[in-house]
Amino acid sequence: MVAPPDNDVLWARTLHVSRGGTPALTGISVGVREQEILAVGGPRGSGKTTLLRCLSGQLVAQQGEVWFNSAPVHTMGPLVRERLRRDKFGWIDPQPRLVPELTAWENAALPLLLHGAGHRPARKAALEWLDRLDIGHLARKRPHALSHAERQRVAVARALVNEPTVLFADEPTAPLHAADRAHVLRTLTTAARSHGITVVLATHDAGVAAYADRSVSLLDGRLVNTVRLPADAEAEGAACSLSV
Amino acid sequence: MLALRLARGAHPLVLLRRLAVAAASAGTGFLLLCALGYALGHPQTAGSSALRLAWCVVPLAATVQFAVAVARTDPATRPRAALFAAGLGPARLMLLSAINTAISCTLGSMLALLFFLHLRGDIRGLPLDGAAAELLGAGRPLPLAAVGTLLLTVPVAGTVAGALALRPRTVKSGRTPALAPESTGPADDEPAPPMPQPAGLPWGVALMAVGLAVETYAARETATGFPLPGRLASSSAAVLGGWAITALGLTLAGPALTYLCGTLLQSARPGAARLLAGRALQEESRRIGRPLGVLCAVAAAGLAALQLYGGAAPRIGPLTVLGGVLVGGCAVLTLATAAVEARQSRADTTTALLQLGAPVSLLRGAAGLRALALLAVFSPLTWLVGTLASAPLSG
């Protein structure tokens with residue numbers, strides 16, 4: 001086993017995870033360098049979300065190790081992992097998952113408030129981020145009054161507001177139209193680059209992977225480098241029929 | 001059959017809630033049967049027997065309210081993806097919940113009948129055989145139709161009220177019905193619009209004032225028209241009417257006061273805990289506020305009774321005690337069930353917060369803040385209403 005390079009902020013070694021008897025990850029090793037945008041590609045069901053959940057400490061792999069800045073995530077207790085997630089990691093879901101009774105800026109400021117920041121600085125930071133994502137004028141509206149793309153942008157602002165070390169984005173643009181998709185991705189990657197935030201981006205879309213510095217591909221829970229993915233990502237979950 | 005099959009696999013807490021409904025139904029059924037037994041034993045005093053039956057309306061209302069609250073929180077009857085996939089829409093779910101309520105209440109009624117027959121001396125072989133034989137009119141044949149009618153009252157009322165509360169209704173554009181659970185289907189990802197502010201405060205306060213005024217006015221005359229069975233001091237019909245108006249006012253004001261609590265809690269630069277606690281309270285004000293208002297009214301009535309009769313150590317009959325325990329217990333359990341329902345409806349929010357890395361202690365702290373705020377507003381109100389209600393009677 002080769003020692004990982006020094007500038008890896010996050011790396012995983014031989015992760016094995018099985019969900020309900022089906023192996024989801026089989027021996028994955030991956031390193032994420034500092035301030036890079038890493039795309040994790042692969043069709044649906046290839047283990048992208050499981051890998052991201054392992055890396056972000058939401059899920060502990062049955063075998064294998066996850067290290068963040070030379071600290072072992074896989075041996076941490078749930079409380080320590082919770083604090084790590086709150087302090088160092090950001091997470092964006094395919095669905096925005098905003099708190100419906102809070103306004104847009106309160107949703108975006110929530111990580112800072114959870115952190116114990118004062119009301120006024122949290123509000124200021126959240127408003128600045130919403131402005132950067134072109135939804136500053138919607139800051140006082142509640143999620144039910146926003147369109148889906150606007151909600152997803154609030155979710156992006158919420159993930160970026162406490163300037164995490166690593167941002168995990170799990171199919172952040174899956175439910176959006178093509179135009180909204182490009183806009184959300186562009187703002188996300190631009191903000192990450194300007195603030196030196198490392199991004200791990202799971203996507204089944206080859207177009208999304210173009211925004212990344214580096215890509216790794218998963219197929220049935222394994223890393224594939226040389227094998228071409230079946231009919232690329234357009235055929236969602238379609239098995240390769242050429243081999244028959 | 002499906003209702004029974006789902007009930008068999010249910011969580012023990014859910015079964016416990018249904019058992020509580022059965023117990024409440026048993027208590028109310030027993031009170032109704034006791035009124036019948038009294039009427040059988042004392043055919044010459046028809047008015048007094050009718051009065052006993054009329055007093056049973058209060059425990060009956062409390063039981064029905066509790067049964068509806070339990071039916072609304074029952075996980076077996078909430079929209080679930082698995083049941084939807086099997087083809088069970090809102091209408092069938094309503095049917096399922098009605099069957100559940102009917103089973104619980106009928107079980108309670110049967111228990112009440114057994115206990116009644118046992119105390120009357122018709123069933124032998126256990127301690128307390130025929131302990132109240134002469135009081136319950138032993139020796140005379142029980143009229144079967146009357147027993148059937150009385151025992152069916154609670155199951156029918158509970159089932160109909162539960163079905164009405166859970167009936168599938170069309171969602172008007174942009175607004176969900178105020179108290180309906182998501183009866184249109186499994187929750188989608190669209191966030192719900194905020195609940196409008198409940199507008200019952202002026203009406204509630206006005207009704208409370210009118211009720212207390214009527215009571216004060218009526219207390220000057222010493223008419224004895226509507227005595228509570230069980231040797232409580234005489235109370236005139238006007239005093240009771242005034243008290244009923246006050247209770248109605250409290251129930252109406254409950255949601256608005258809860259909303260006000262939420263507004264106060266999240267005002268003035270809140271941190272995360274106060275913000276989440278206050279907004280959740282605003283959102284759940286209707287669900288929590290109404291049973292809270294009812295509990296407040298019951299507690300105020302208890303307080304007034306305590307202030308009136310507490311010193312003299314009155315000889316309160318066992319049936320009055322049973323009725324009081326039933327009403328108080330049902331009010332408390334209804335509020336607890338409403339809190340469970342509110343928690344169920346906020347499960348998505350809780351998941352989202354936990355995924356953000358919010359510590360569990362913060363969520364618990366927010367829940368504690370909510371309870372404290374409600375306690376701080378409603379306990380002085382209960383004390384005030386109870387004292388005001390008892391002041392003219394004791395003076």
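These legends describe close-up views of a predicted model. Residues are numbered from 1 along each chain as written, and chains are lettered from A in the order written. Local features need pLDDT of at least 70, and side-chain atom pairs count only at pLDDT 80 or more, with side-chain values taken from heavy atoms.

**View 1. W11(A) and W67(A) form a stacked pair.** Rings of Phe, Tyr and Trp (its six-membered ring) pair if their centres lie within 6.5 Å; planes under 30 degrees apart are stacked, over 60 edge-to-face, the rest tilted. Here the ring centres are 5.8 Å apart and the planes meet at 10°, so the pair is stacked. W11(A) lies in strand 1 and W67(A) in strand 4 of chain A, so the pair ties together parts 56 residues apart in sequence. Strands are DSSP runs (E, at least two residues), numbered from the N terminus. W11(A) counts as buried at 15% relative accessibility. W67(A), at 23%, counts as partly exposed. Buried means under 20% relative accessible area, exposed over 50%, partly exposed in between (1.4 Å probe, protein chains only).

View 2. F89(A) sits in strand 6 and F168(A) in strand 7 of chain A, so the pair ties together parts 79 residues apart in sequence. Both residues are buried. F68(A), F89(A), W91(A) and F168(A) form one aromatic cluster.

**View 3. R123(A) places its charged end over the ring of W105(A).** The distance to the ring centre is 5.0 Å. A charge sits over a ring if NZ of Lys or CZ of Arg is within 6 Å of the ring centre and within 35 degrees of the ring normal.

**View 4. R52(B) lies over the face of Y38(B).** The ring centre is 3.9 Å away.

Definitions and conventions
Helix = DSSP H or I, 4+ residues; strand = E, 2+ residues; numbered from the N terminus.
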